[in-house]
Amino acid sequence: MTIPPPWQNLRDAIESVWPVSRYRDVGVVVGCSGGADSVALLRGLVESVRHPAAAAPPGFIVAAHFNHQFRGRESDADADFVRQLTEQLAVPLEIQCGQAAEQDEQSARNHRREFFHAVMRRHGARYLALGHSRDDNVETVLYRLMRGTGPLGMAGIAPFRPFSDDPSGSDFVIARPMLDLGRDQIREALRSIDAPWREDASNQSNAYRRNWIRNELVPAMQSQFPQAVPAIARAIQGQRQWRDALQPVIDRWLAAVQIQEKPLTLRRLDRIGREAETDPTATPLGDQAVAVEALRRCWQRSGWPLRDMGQFHWTRVFEMLAGRGPDAWTLPGAIEIRRDSWAVTLVRRDG
Ligand SMILES: Nc1ncnc2c1ncn2[C@@H]1O[C@H](COP(=O)(O)OP(=O)(O)OP(=O)(O)O)[C@@H](O)[C@H]1O
């Protein structure tokens, strides 16, 4: 049987990012909403592991659907659709229902995440696969840009990253192998194999700012720049390469500067030996761009709000670290920063 080219291209694109050999022995939970992206992902992965050449033991792909019950009967119909799909594909399915009252997007996402985590543990799966597309990545970066972000935020969604909320610290990984595929391309691939999906009507609403980006901003950009999405996606990819190059530099900066995590205590840069200035291979401790990215990582680890931290605040923290400016200051999110003769300490006032 010949495979239609759009579907084959999708399979090849997934395979090139995430070869089946990397996941066939460790187990994958696929988050399937019933939407085109995750339906294509589930179908693609199932076909790949069942390909005779893959020689995979059956049944270690598990689908997981969270029924948020945001949209009453429509939500139940999504769940039914996913149930039928997984029966047809002979893939085990786990479903959990959320609270209809809970309309806040962030807490819904958190609950979904907890559910995924529980399913991964139950089945002993290493990976959680999600169907984010190139368009999702571009929308995410536009969103971050408008809310305020740094160079690392502009690197977009990571194709692979640890499931960092995992309290046991085991090596669960989130995989997003469709980040190079456009939303239209994914739909076309599904159409080419006559595979249905569910259209989420709430994606049409502009109530959420993310939907406004998707439904208004991006089309407006495309009306003047038809290639805007792939162009931005290329910039994101370039930024990701810079980000990857920067990670070890940030690690070394933290190793040299951070004394302890709680309370966050950082050595004063002007008190650290001067070898960094004379050794060209040493980590540039006094480089503001590196320092700010390292500080952002500290903020993330501490669970402090990054949102209201502007360039002005980062520069001031950097100045204080370098032994200049005031001895004490309060940053957004009630983070208090104090400098003594050797170090700078940061504490959140309420905790
Ligand atoms: N309710 C859900 N149950 C299970 N997985 C989900 C659910 N919602 C989202 N996901 C997973 O997270 C990915 C990204 O979610 P998002 O809400 O951004 O999806 P989307 O762009 O609407 O994609 P899709 O077309 O797959 O619904 C989905 O592709 C899917 O893998």
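Modeller: Gladly. Domain bounds here come from an automatic or database domain assignment. On that basis the protein is divided into domain 1 (5-132 + 176-226) and domain 2 (246-348), and the centres of domain 1 and domain 2, taken over C-alpha atoms, are separated by 39 Å. Please keep in mind that this is a predicted model.

Colleague: What is the overall make-up of the protein, in helices and strands?

Modeller: The protein has 12 helices and 11 strands. Its C-alpha atoms fill a box of roughly 70 × 45 × 45 Å along the principal axes. Of the 351 residues, 30% are buried.

Colleague: Why is α6 called roughly perpendicular to α9?

Modeller: Helix α6 (residues 134-147) and helix α9 (residues 228-257) pack at an angle of about 75 degrees, their axes 9 Å apart. Angles of 65 to 115 degrees count as roughly perpendicular, so α6 is roughly perpendicular to α9.

Colleague: And how do you know which residues make that contact?

Modeller: Two residues are in contact if their C-beta atoms, placed from the backbone, lie within 7 Å. By that test, Arg-134, Asp-135, Asn-137, Val-138 and Val-141 of α6 meet Val-229, Ile-232, Ala-233 and Ile-236 of α9. Sorted by class, the contact of α6 with α9 has 6 nonpolar, 1 polar and 2 charged residues.

Colleague: Let's turn to Phe-81. What makes Phe-81 buried, exposed or partly exposed?

Modeller: Phe-81 has 19 other C-beta atoms within 10 Å. A residue is buried at 20 or more and exposed at 12 or fewer, so Phe-81 is partly exposed.

Colleague: Where does Phe-81 lie, and which residues does Phe-81 touch?

Modeller: Phe-81 lies in helix α4 (residues 73-89). Leaving aside residues up to four places away in sequence, Phe-81 touches Gly-34 and Arg-198. As for Gly-35, 46 residues in sequence separate it from Phe-81, with a C-alpha to C-alpha distance of 9.9 Å.

Note on methods:
Residues numbered from 1 in each chain as written. Predicted model: local features only at pLDDT ≥ 70, side-chain atom pairs only at ≥ 80, totals over all residues. Axes fitted to C-alpha atoms, helices over the stretch in contact; angles between N-to-C directions. Helix = DSSP H or I, 4+ residues; strand = E, 2+ residues; numbered from the N terminus. Parallel < 35°, antiparallel > 145°, perpendicular 65-115°, else oblique. Nonpolar A, V, L, I, M, F, W, Y, C, P; charged D, E, K, R; others polar.
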